[in-house]
Every structure is written in structure tokens, then in C-alpha cells.
Amino acid sequence: MSFINYASREINCKIVYYGPGLCGKTTNLQFVYQKTAPDAKGKMISLATETERTLFFDFLPLALGEIRGFKTRFHLYTVPGQVFYDASRKLILKGVDGVVFVADSQEERMDANVESVENLRINLIEQGYDLDKIPYVVQYNKRDLPNILSVEELRRELNPTNVPEFEACATTGEGVFETLKAVAKLILFDLKKGK
């Protein structure tokens, strides 16, 4: 649910990085933040309690153009990975415009990935969204590790609807901006359609 600021002539869009604990959501955001020009981004905020952490920042990409004379500002959020922080996850999904599901490619993390994507679908329904109808991309992270599943195996379990998907290694930045650009383009397409 984009927010339009008429004074600054900006459309504000919310992108949420969702996935199991330690899958690379925070690493994705930190990489994007480090590589974004200082004058195009706000401060990175870390909301940390003694048991969980949520990161967010906003940025104004210059290359994506305007919609009816308005610039688009993206607000990037991570959710706490562990399922027992479900209340925080639901709150962060409120008003979401697009979702990046970050999957951990390691074989032993497949159950956590499946549980997390099911949790995402349920939490979106509770907020009045349908995962099959909002801008959504999947990132297969940690492709640099030795004990990973094939993309085909990951796709079969995590991406049955064939949304855009990307292989990534968030620690090096490989696939990070490609993932972000894909979800941003889907959001802009929805905005231009007037959703």
C-alpha cells in the first residue's frame, strides 16, 4: 500500500525481506545500504530488543524514473527470522508493496525455508494480501557454500508459481541488486497499472 507524499512529490513503497533465521536478510540490506550513494539514502535504523532485530532504511534510486511526475522512494525492511517472533513479522508486513523471500540454500535449512514461506503466506492473508497477487521474488542465498541444494530442488519446494528467482551470495553482493531491482520493477509496474 504505497504512501504518496504530495509535498515532496514522492511515492513511498515498502519492500520486506522475509525468510528463516540467519538466511541473509540483514546481509542483503547491509550490502544495498553500503553501495547506495549517501545523498540517495536515509539512515539505517536497527530496532533491537534483547531477543530480536529489525533493520530498515529508505532510499531514492535515481535510475528508476518517475511515475506521473513523482519520484519513487523505497523503504527496505527485514523481519526477525525466528518463527516465534510472529507478531513482529505481521506488524512489519502491514502496508507492504513487495516481498523478497530469502531462502538459505543449505540442505539442512530446507525445512526452515518451507516453514518460513508458509508463514509468509499465512501472515499476508491475515493482512489482506495474497502472495500470488503482490510483487514477489525469491532469492536463493548462500550459493557459495559446499552443502547446497540445486536450484531445481529449491524451486520445487519454494517457488512452485515460478516468480522471478535469483541465485545470490549476499556476503559478496552477488545477486543482491538483481533481486532488489526485480521486486522494485514489479512494484512500479503495479503502480503504473494503478493498483
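1. Where in the chain does D39 lie? In this model, which is predicted, D39 belongs to the loop that runs between α1 (25-35) and β3 (45-48). With a relative accessible area of 71%, D39 is exposed, since exposed here requires a value over 50%.

2. The packing of α2 against α3 can be described in some detail, beginning with the geometry of the two helices. Their axes come within 10 Å and cross at roughly 55°, and α2 and α3 are therefore oblique to each other, given that angles from 65 to 115 degrees would count as roughly perpendicular and those under 35 as roughly parallel. The crossing in which α2 passes α3 is right-handed. On the α2 side the contact is made by D86, R89, K90 and L93, while α3 contributes S116, N119, L120, N123, L124 and E126.

3. Within that helix pair, D86 deserves a separate look. This residue is part of helix α2, which comprises residues 86-93, and its side chain is joined to that of N119 by a polar contact of 2.8 Å. Once neighbours within four places in sequence are left aside, the residues in contact with D86 are N119 and N123.

4. Which residues of α4 are buried? In this helix, which spans residues 151-158, they are V151, L154 and L158. Because these residues cover an arc of only 65° around the axis, they are placed on the same side of α4. The elements that cover the buried residues of α4 include β7 (98-104), α3 (110-126), β8 (136-141) and β9 (165-167).

5. Most residues other than glycine have a negative phi. R68, however, has a positive phi of about 50° although it is not a glycine, and this residue sits in the loop between β5 (66-67) and β6 (70-78). R68 counts as exposed, at 64% relative accessibility. K142, also not a glycine, has a positive phi of about 65°, and its place is in the loop between β8 and α4.

Note on methods: Residues numbered from 1 in each chain as written. Predicted model: local features only at pLDDT ≥ 70, side-chain atom pairs only at ≥ 80, totals over all residues. Heavy atoms only, no water. Helix = DSSP H or I, 4+ residues; strand = E, 2+ residues; numbered from the N terminus. Buried < 20%, exposed > 50% of the residue type's maximum accessible area, 1.4 Å probe, protein only. Arc of directions from axis to C-beta. Contact = heavy atoms within 4.5 Å. Polar contact = N/O pair within 3.5 Å; in protein donor to acceptor, adjacent residues only side chain to side chain. Axes fitted to C-alpha atoms, helices over the stretch in contact; angles between N-to-C directions. Parallel < 35°, antiparallel > 145°, perpendicular 65-115°, else oblique. Left-handed = near helix turned anticlockwise from the far one by under 90°.
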